[in-house]
Amino acid sequence: MTEQVDTHTHAGHDHAGHDHGDHSATDTKVDTRADSINMSDAASGKVKSLLEQEGRDDLALRIAVQPGGCSGLRYQLFFDERTLDGDVVTDFDGVAVVVDRMSVPYLNGATIDFMDTIDKQGFTIDNPNATGSCACGDSFH
């Protein structure tokens with residue numbers, strides 16, 4: 001189940017010089033691992049770009065599963081400088097992705113992708129562990 005995810009960044013909307021190709025989960029090649037989080041090349045490239053805009057090299061992309069939403073659970077994606085006890089850190093071409101120990105079982109096998117199309121732009125999460133979602137596309141159970 002693929003869901004659009006809102007992120008907490010300070011990214012501007014200046015797209016001059018950026019590739020506006022269709023980066024969807026169907027045409028992005030990812031070696032999917034069932035025992036960890038996965039990230040497409042498009043997503044890691046976008047995260048690198050956002051980190052360069054922030055001018056910080058000490059931040060990691062943290063993904064967490066939080067209670068909430070109409071289906072019971074929702075994703076959070078944000079930059080974080082903290083390291084917590086039990087965090088699982090995975091490197092994707094120089095991008096550190098951090099998952100807290102409580103979220104790991106919900107995110108193993110999930111793939112973070114980045115879509116940049118004429119009708120939508122943003123990070124998506126394709127999660128085989130999500131058994132259903134609500135109409136808002138923001139939560140799962």
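Trainee: Is strand E4 mostly covered or mostly open, and how many of its residues are buried?

Mentor: This is a predicted model, in which local features need pLDDT of at least 70, side-chain atom pairs count only at pLDDT 80 or more, and totals for chains, interfaces and linings use all residues. Residues are numbered from 1 along each chain as its sequence is written, and side-chain values use heavy atoms, with hydrogens and water left out. Strand E4, residues 60–67, is mostly covered, with six of its eight residues buried, where buried means under 20% relative accessible area with a 1.4 Å probe, protein chains only. Strands here are DSSP runs of at least two residues, and helices (H or I) of at least four, numbered from the N terminus.

Trainee: Which way does E4 run against E5?

Mentor: E4 and E5 (residues 73–80) run antiparallel, joined by eight bridges, and Gln-66 stands opposite Arg-74 in E5. Two strands pair if DSSP finds at least two bridges between them.

Trainee: And how many bridges join E4 to E7?

Mentor: Three bridges join E4 to E7 (residues 95–99), and these two run parallel; Leu-61 has Val-97 as its bridge partner in E7.

Trainee: New topic: where is Asp-100?

Mentor: Asp-100 sits in the loop between E7 and helix H2 (104–107). Its side chain makes a polar contact of 2.8 Å with that of Ser-103, a polar contact being a pair of N or O atoms within 3.5 Å, where within protein one must be able to donate a hydrogen and the other to accept it, and residues adjacent in sequence count only if both atoms are side-chain atoms.

Definitions and conventions
Buried means under 20% relative accessible area, exposed over 50%, partly exposed in between (1.4 Å probe, protein chains only).
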